[in-house]
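Please examine the sequence and the three-dimensional structure shown below.

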Amino acid sequence: PDWMSQIPDSHSLASLSIPGSHNSMSFYGGDLIKCQSWALYRQYEAGIRFVDIRCRHFYNQLPIHHELKYQHTDFPRVLKDSVHFLQENPREAILMRIREEYKPDANTQRFDETVAGALKDAGSSWFWQDARIPTMGEARGKIVILQNFKGPVLGVPYHCLNKADQWRVPTLYHVEKKWTNVLTNLEAARAEDCGTMYLTYSSGAGVAAYPYSVACRVNPLLHAHLERFDKEPNRWGIIAMDFPGAELVHKIIRSNLVEEQENQLLMSLVIY
């Protein structure tokens, strides 16, 4: 739950390997759209530090949706759980992509205005609302907004990230093509300038390839790839996954650490 406490303050968030979840609140709607099994707070406890939050703009409120399916919670609740985690773990940081989902209805203000109101209600001091990617020291105890919507600056522009999000996987026969897209971006993140933040979605879905089925095939490939570099620090950027397991999350975390830090982390995991 506190792995970022091992990261030096001077390191940019763009220089880290960060485990994340795709469509982080997608629990309802059946196999075709369900993407996660861990509740949000449990994701944070397991080491997830990037979350993908999708809000419908509906009567000036922000219910959480996956396409047309309401996920039985709302954006203020997401913020409440996230702030609570940071209160318990003040040396951590959360990167939160926010985007508008499904069609708006019956609003009297813009989406960005409603989001800004929710951030203010949660307490503005909890958020990094700057277009610049912060260092670890600057981000501690904060939610770093990755702004995937139009309007005044409320966070780091999402379009500035180097992304791989080939989410359409029509059938399981297309998993190999999906994996190639994932691998290409991971290798770019490992080799390129650490000033650019990389984001790789290992998730995918299609009418004949449900999210869980794709994850069952891609997640082991991802784990095997990370294991090849297990003995050396590497920058993979953010890896956003469907149905991540604890071992895969820890593989990503350990990519940041030198041997002494890794031993400290492993001891804390044993104690936890």
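The paragraphs that follow describe the overall fold, the paired strands and several individual positions.

The structure is a predicted model. Its chain contains 8 helices and 11 strands. For a chain of 272 residues, the expectation for a compact globule is a radius of gyration near 19 Å, and the 18 Å found here agrees with that expectation. Along the principal axes, the C-alpha atoms occupy a box of roughly 55 × 45 × 35 Å.

Of the 272 residues, 52% count as buried. Among contacts with a sequence separation of 6 or more, 72% are made by residues 24 or more positions apart. The accessible surface amounts to about 12300 Å², and carbon and sulfur atoms contribute 52% of that area. As for charge, the chain carries 29 positive and 31 negative side chains, and the centres of these two sets are 4 Å apart.

Which strands pair with β1 in the parallel sense? One of them is β11, residues 237–241, which is joined to β1 by 5 bridges. Within this pairing, P19 has I239 as its bridge partner, and S21 stands opposite M241. Another is β2, residues 50–55, which pairs with β1 in the parallel sense over 2 bridges. Here the bridge partner of G20 is F50.

Strand β11 also leads onward to β10. These two strands run parallel and are joined by 3 bridges. The residue I239 of β11 is the bridge partner of T200, and I239 is likewise the bridge partner of P19. Is β11 enclosed or open to the outside? Because 5 of the 5 residues of β11 are buried, this strand is largely enclosed by the rest of the structure.

Strand β10 covers residues 198–201. Its residues Y198 and T200 point one way while L199 and Y201 point the other way, and all of them are buried. A further parallel pairing connects β10 with β9, residues 162–164, over 3 bridges. In that pairing, N162 stands opposite Y198. Taken in order, the parallel pairings described here link β2 to β1, β1 to β11, β11 to β10, and β10 to β9.

A46 belongs to helix α1, which comprises residues 40–46. Its relative accessibility is 9%, and A46 therefore counts as buried, the cut-off for burial being under 20%. Residues up to four places away in sequence aside, A46 touches W38, V249 and H250. A46 is also 45 residues from P1 in sequence, yet their C-alpha atoms are 6.1 Å apart in space.

D112 is placed in helix α3, residues 111–122. What is the relative accessibility of D112, and how does the residue count as a result? The value is 7%, so D112 counts as buried. Beyond neighbours within four places in sequence, D112 is in contact with F149, K150, G151, P152 and L154.

Finally, two loop residues have positive phi values without being glycine. With a relative accessible area of 3%, N23 is buried. The other, Y102, has a positive phi of about 60 degrees and is not a glycine. Y102 lies in the loop between β5, residues 94–100, and α3. Y102 has a relative accessible area of 34% and is therefore partly exposed, since that class lies between the cut-offs of 20% and 50%.

How values were computed
Residues are numbered from 1 along each chain as its sequence is written. This is a predicted model: local features need pLDDT of at least 70, side-chain atom pairs count only at pLDDT 80 or more; totals for chains, interfaces and linings use all residues. Side-chain values use heavy atoms; hydrogens and water are left out. Helices (H or I, at least four residues) and strands (E, at least two) are DSSP runs, numbered from the N terminus. The radius of gyration is taken over C-alpha atoms; the globule rule is 2.2 Å times the number of residues to the power 0.38. Buried means under 20% relative accessible area, exposed over 50%, partly exposed in between (1.4 Å probe, protein chains only). Contact means heavy atoms within 4.5 Å. Accessible areas come from the Shrake-Rupley method with a 1.4 Å probe; for residues, only the protein chains shown count as cover. Lys and Arg count as positive and Asp and Glu as negative; His and the chain ends are not counted. The place of a charge is taken as NZ of Lys, CZ of Arg, CG of Asp or CD of Glu. Two strands pair if DSSP finds at least two bridges between them.
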